[in-house]
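Notebook open, viewer open. Here is what I looked up today, starting with charged pairs.

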Amino acid sequence: MSVDEVKAQLGKSLESARSGRNTLRQAAAAAGEALELATYTCQGSNHELATDALTEATSALREIELTVARLDAGIELVDTYRTGL
């Protein structure tokens with residue numbers, strides 16, 4: 001594989017990664033809105049299942065945010081590598 005072919009393949013991979021990141025951001029935004037509504041709905045509730053569900057949903061949303069940050073870092077590193085080829 002030539003350097004130009006590697007650069008082209010990395011470019012396609014970056015495009016896919018950016019698309020996936022954007023999709024994940026959209027999902028995170030929708031999940032965040034749903035969590036806000038659920039939090040509002042359960043406000044004042046001491047029901048164990050409700051509080052556990054809110055805790056788990058908050059944790060899941062945090063994991064999505066961390067995943068997006070990791071994707072951002074990976075995209076930046078691959079882009080820097082491709083530019084240096």
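Predicted model: local features only at pLDDT ≥ 70, side-chain atom pairs only at ≥ 80, totals over all residues.

Which side chains meet in a salt bridge at 3.7 Å, N to O? I found R18 and D79. A salt bridge here is a side-chain nitrogen of Lys or Arg within 4 Å of a carboxyl oxygen of Asp or Glu.

Residues are numbered from 1 along each chain as its sequence is written, and side-chain values use heavy atoms, with hydrogens and water left out.

Back to the pairs. I looked up R82 next, and its side chain also meets D79 in a salt bridge (3.2 Å, N to O). Shared partners join R18, D79 and R82 into one network.

Then I checked R21, which forms a salt bridge with D72, the closest N and O atoms being 3.0 Å apart. R21 lies in helix α1 and D72 in helix α2, so this pair ties together parts that are 51 residues apart in sequence. (Helices are DSSP runs of H or I, at least four residues, numbered from the N terminus.)

Buried or exposed: which is R21? I got buried, at 13% relative accessible area, whereas D72 is partly exposed at 25%. The cut-offs are under 20% for buried, over 50% for exposed and partly exposed in between, with a 1.4 Å probe and protein chains only.

Last entry: the helices themselves. I noted α1 as residues 3-41 and α2 as residues 48-84, packed at about 160° with axes 9 Å apart. They are therefore roughly antiparallel, a label for angles over 145 degrees.

Note on methods: Axes fitted to C-alpha atoms, helices over the stretch in contact; angles between N-to-C directions. Helix = DSSP H or I, 4+ residues; strand = E, 2+ residues; numbered from the N terminus. Parallel < 35°, antiparallel > 145°, perpendicular 65-115°, else oblique.
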